[in-house]
Amino acid sequence: QAQLVESGGGSVQAGQSLRLSCLASLTTYLCLGWFRQIPGKEREEVANINSDGTAYYADSMKARFTVSKASANDPLYLEMTSLKPEDTGMYYCVAGPCRGGLFGEFGVVLWGQGTQVNVSS
């Protein structure tokens, strides 16, 4: 059964960094990425990464977030720096067809259960 399992969430202070991980068990080849759900806001895409290592970011995420995946068998990571209280929310690992760009919410075919990130001021 295909699944995505996130880890690495937690509580940090503003300005600190956090790295999220995602272990993927897939039955078909898909690209991986991240979404987040901030309280009071719509769920938004953070980034995804293609099979050749090319990463695609939502414009608002480029400055402080880095998505990476060393090889096909390695976890997906999301490195978040200079965290702000407004980054507080649930972060989801996602999988979708590789299209050379952001998935869009309707392009995601598999969601992880999410990992909570709390940033205090």
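A disulfide is here a pair of cysteine sulfur atoms within 2.5 Å. The structure is a predicted model, in which local features need pLDDT of at least 70 and side-chain atom pairs count only at pLDDT 80 or more, while totals for chains, interfaces and linings use all residues. Residues are numbered from 1 along each chain as its sequence is written, and side-chain values use heavy atoms, with hydrogens and water left out.

With bonded cysteines counted along the chain, their pattern is 1-3, 2-4.

One of the disulfides joins Cys22 to Cys93, with an S to S distance of 2.0 Å. This pair links distant parts of the chain, 71 residues apart: Cys22 belongs to strand E3 (residues 18-25) and Cys93 to strand E9 (residues 89-96). Strands (E, at least two residues) and helices (H or I, at least four) are DSSP runs, numbered from the N terminus. Because the torsion about the S-S bond of Cys22 and Cys93 is about -75 degrees, the disulfide is left-handed. For accessibility, buried means under 20% relative accessible area, exposed over 50%, and partly exposed in between, computed with a 1.4 Å probe on protein chains only. Cys22 counts as buried because its relative accessibility is 1%, and Cys93 counts as buried at 0%.

The sulfur atoms of Cys31 and Cys98 lie 1.9 Å apart and form a disulfide. Here too distant parts of the chain are linked, 67 residues apart, with Cys31 in strand E4 (residues 31-37) and Cys98 in the loop between E9 and strand E10 (110-111). The link of Cys31 and Cys98 is right-handed, with 110 degrees about the S-S bond. Cys31 is buried, at 4% relative accessibility, whereas Cys98 has a relative accessible area of 32% and is therefore partly exposed.

Strand E3, which holds Cys22, also takes part in a sheet. Two strands pair if DSSP finds at least two bridges between them. An open sheet of four strands runs in the order E1-E3-E8-E7, with antiparallel pairing. Its edge strands, E1 (3-7) and E7 (65-68), each pair on one side only. On average, neighbouring strands of this sheet are turned by 15 degrees against each other, direction ignored; the axes are lines fitted to C-alpha atoms (for helices over the stretch in contact), and angles run from 0 to 180 degrees between N-to-C directions. Within the sheet, E3 and strand E8 (residues 76-80) pair in the antiparallel sense over five bridges, and Leu20 stands opposite Leu78 in E8.
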